[in-house]
Amino acid sequence: MHSTEERLNGTGATGPDAGRAPGDPASGAVDRIEVAGASKVYPNGTVALTPVDLTVRDGEFVSLLGPSGCGKSTLLRIIAGLIDPSEGGVSINGDAQRAFVFQDPTLLPWRTVDSNARLLLELENIPRAERDARVAEALEMVGLAGFEKSYPRGLSGGMRMRLSLARALALRPELFLMDEPFSALDEITREVMQAELLRIWQESGFTSVFVTHNLYEAVFLSHRVVVMSPRPGRIERIFEIPFAYPRTEELRSDPEFMRLSQEISDCLREVSQ
Ligand SMILES: Nc1ncnc2c1ncn2[C@@H]1O[C@H](COP(=O)(O)OP(=O)(O)O)[C@@H](O)[C@H]1O
Ligand SMILES: [Mg+2]
């Protein structure tokens with residue numbers, strides 16, 4: 001019996017080597033992301049991140065959890081290659097196609113659903129026929145088939161987020177980086193979107209790094225939950241989430257799910273003091 005968590009000893013996290021069940025997207029996988037000693041001091045002197053080590057395996061679902069301002073977005077942006085760390089580095093195994101989704105769906109109001117979904121493919125100069133196929137597939141995947149000619153203003157918050165996901169999925173990413181994508185949604189829609197995201201992830205097999213400040217969301221979705229401490233941000237502890245995929249709604253009321261959530265909640269409260 002191995003422990004369901006791993007504690008960091010200050011010199012760095014090790015990748016999980018607990019065996020995954022067959023059918024698990026991360027089963028037997030190689031390392032995909034390696035963050036080594038990455039820190040960030042912004043030009044105004046804010047120390048957002050003290051040196052962080054984190055390894056994410058191919059196909060794994062990892063969440064970064066912590067209070068507002070603890071450096072979650074900074075770490076995600078470093079992994080995404082959107083900003084450079086002040087020290088240390090990140091290596092991505094293979095030239096993995098990356099896609100991002102943020103809290104704000106950032107849709108273009110003058111474009112239809114279909115036209116919004118193909119935006120990134122146009123920027124990547126994907127040929128027309130290929131674009132059509134990929135957009136149709138992505139819209140189908142998020143449940144927006146039939147809404148191609150609608151405009152964003154006619155969509156609910158949940159549907160806008162679906163469209164934002166579809167636009168990113170059309171890239172067929174190997175690495176999917178999400179920064180609080182469901183934070184603006186109501187609780188019910190949010191839970192529906194979590195289940196949808198897991199289904200899409202299992203179908204597509206991408207590696208996910210997901211930022212959230214909602215611990216139940218993190219536990220429901222992830223193989224591992226990385227708890228970060230407030231500024232200057234660092235990794236406090238990494239919890240291994242042992243539940244098999246596919247995960248169902250019943251998991252949310254499972255006693256073990258609640259026990260683990262409570263343990264993570266206690267950890268968050270401790271680090272916030
Ligand atoms: N561009 C920036 N310049 C200066 N400080 C920043 C910048 N971006 C973020 N910060 C600061 O760095 C810290 C971590 O921010 P962030 O990574 O956005 O945290 P989180 O996503 O956990 O809320 C915060 O104190 C924030 O104010
Ligand atoms: Mg943030």
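Predicted model: local features only at pLDDT ≥ 70, side-chain atom pairs only at ≥ 80, totals over all residues.

## The ligand and the core

Trainee: How far is an oxygen atom of ligand 1 from a polar backbone atom of Gly71?
Mentor: The distance is 3.0 Å. Residues are numbered from 1 along each chain as written, chains are lettered from A and ligands numbered from 1 in written order, and side-chain values use heavy atoms, without hydrogens or water.

Trainee: Which other atoms lie by an oxygen of ligand 1?
Mentor: A polar backbone atom of Gly69 is 2.6 Å from a ligand oxygen. In the side chain of Ser73, an N or O atom is 2.8 Å from one.

Trainee: How many residues surround ligand 1?
Mentor: There are 14, counting any with a heavy atom within 4 Å. Lys72 and Thr74 are among the closest.

Trainee: Which helix gives the most to that shell?
Mentor: Helix α1, residues 72-80, with four residues. Helices here are DSSP runs (H or I) of at least four residues.

Trainee: New topic: which residues touch the most others in the largest nonpolar core?
Mentor: Phe61, Leu169, Phe176 and Ile264, out of 54 residues. Such a core joins buried (under 20% relative accessible area, 1.4 Å probe, protein chains only) Ala, Val, Leu, Ile, Met, Phe, Trp, Tyr and Cys through side-chain atoms within 4.5 Å.

Trainee: And which helix leads there?
Mentor: Helix α5, residues 157-169, gives the most to this core, with seven residues.

How values were computed:
Polar contact = N/O pair within 3.5 Å; in protein donor to acceptor, adjacent residues only side chain to side chain. Helix = DSSP H or I, 4+ residues; strand = E, 2+ residues; numbered from the N terminus. Buried < 20%, exposed > 50% of the residue type's maximum accessible area, 1.4 Å probe, protein only.
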